[in-house]
Amino acid sequence: SQTLKQKGQQLLSAFPTMQPAAFRQQHAGILDDDFRESFEQSMVGPKLALYKNPYAMIALGGYGREEQCVHSDVVILFRFQKEVPTAATVLNQEIIYPLWDLGLEVGYATRTLKECINMAKKDFIVLTPILDARFICGISNLFSNLLDTLRQKVLKKQSQEIITWLVDQSRERHLQF
């Protein structure tokens with residue numbers, strides 16, 4: 001995470017000479033590198049038996065779109081195949097706490113596919129950031145399976161309801177700001 005801080009400071013100093021979109025994309029890339037490094041150096045991750053109950057780390061929301069602004073929150077999903085093991089709490093602490101220590105706003109969820117889909121069906125606030133999901137590291141088919149299942153079980157079945165909700169949310173935001 002010290003490398004993350006240094007890379008972030010270097011990127012921030014280059015900001016005046018960069019296009020905003022390139023800055024946001026590079027900022028997301030720096031975070032990706034840190035998550036991948038944390039994944040590779042994890043003390044807990046290998047004990048979770050990737051082959052028995054694999055997991056993936058997935059970027060959500062603006063971070064998932066690679067539009068990471070300087071003070072925007074970083075939202076990540078730890079997606080497990082079968083069940084969320086109790087050791088996932090330690091994995092979360094190992095990967096997320098150092099980012100909090102650096103002062104980053106990091107939100108995270110630890111879920112199975114079934115939990116992701118059930119929550120997305122019931123709560124579009126949960127669904128919306130998943131629409132911008134992007135694979136970071138771990139077992140990649142858990143990511144593609146999430147998107148495929150989301151399309152089949154939520155988006156196709158509730159498309160009109162989702163669109164209406166998104167339009168209403170946008171209208172409310174415009175009125176508020």
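Predicted model: local features only at pLDDT ≥ 70, side-chain atom pairs only at ≥ 80, totals over all residues.
Trainee: What makes β2 and β3 a pair of strands?

Mentor: Two strands pair if there are at least two bridges between them. Strand β2, residues 74-80, and β3 share seven bridges in the parallel sense, so they count as a pair. You can find one spot yourself: Val74 stands opposite Val106 in β3.

Trainee: Where do these strands sit in the sheet, and what is its strand order?

Mentor: The order is β3-β2-β1-β4, in an open sheet of four strands with mixed pairing.

Trainee: Why do β3 and β4 stand at the edges?

Mentor: Each of them, β3 (106-112) and β4 (134-138), has a single partner strand, so one side of each is left without a neighbour in the sheet. From one strand to the next, the twist averages 25 degrees.

Trainee: How do you know that helix α2 packs on the sheet, and which strands does it touch?

Mentor: Contact means heavy atoms within 4.5 Å. Helix α2, residues 20-41, touches β1 (55-60), β2 and β4. Its direction makes about 25 degrees with that of β4.

Trainee: And what about helix α4?

Mentor: Helix α4, residues 88-101, also packs on the sheet, touching β1, β2 and β3. Its direction makes about 165 degrees with that of β3. Angles here run from 0 to 180 degrees between N-to-C directions.

Trainee: Now the pockets. How do you know that there is empty space?

Mentor: Rolling a probe the size of a water molecule over the atoms shows where empty space is left.

Trainee: What makes a residue part of the lining, and which residues lie nearest the centre of the largest pocket?

Mentor: A lining residue has an atom within 4 Å of a pocket point. The largest pocket has 17 such residues, and Gly8, His27, Val70, Leu102 and Leu104 lie nearest its centre. Helix α1 gives the largest share, six residues.

Trainee: Which elements give two or more residues to the lining of the second largest pocket?

Mentor: They are α6 (124-130) and α7 (140-176), with α7 giving the largest share, five residues. About 160 Å³ of space lies in this pocket. Its lining includes Phe124, Trp165 and Arg173, and by class has five nonpolar, three polar and one charged residues.

How values were computed. Residues numbered from 1 in each chain as written. Heavy atoms only, no water. 1 Å grid on protein atoms, 1.4 Å probe; cavity = no way out; pocket = protein on both sides within 12 Å on 5 of 7 lines; lining within 4 Å. Points joined across faces, edges and corners; volume = space filled by probe spheres on them. Nonpolar A, V, L, I, M, F, W, Y, C, P; charged D, E, K, R; others polar.
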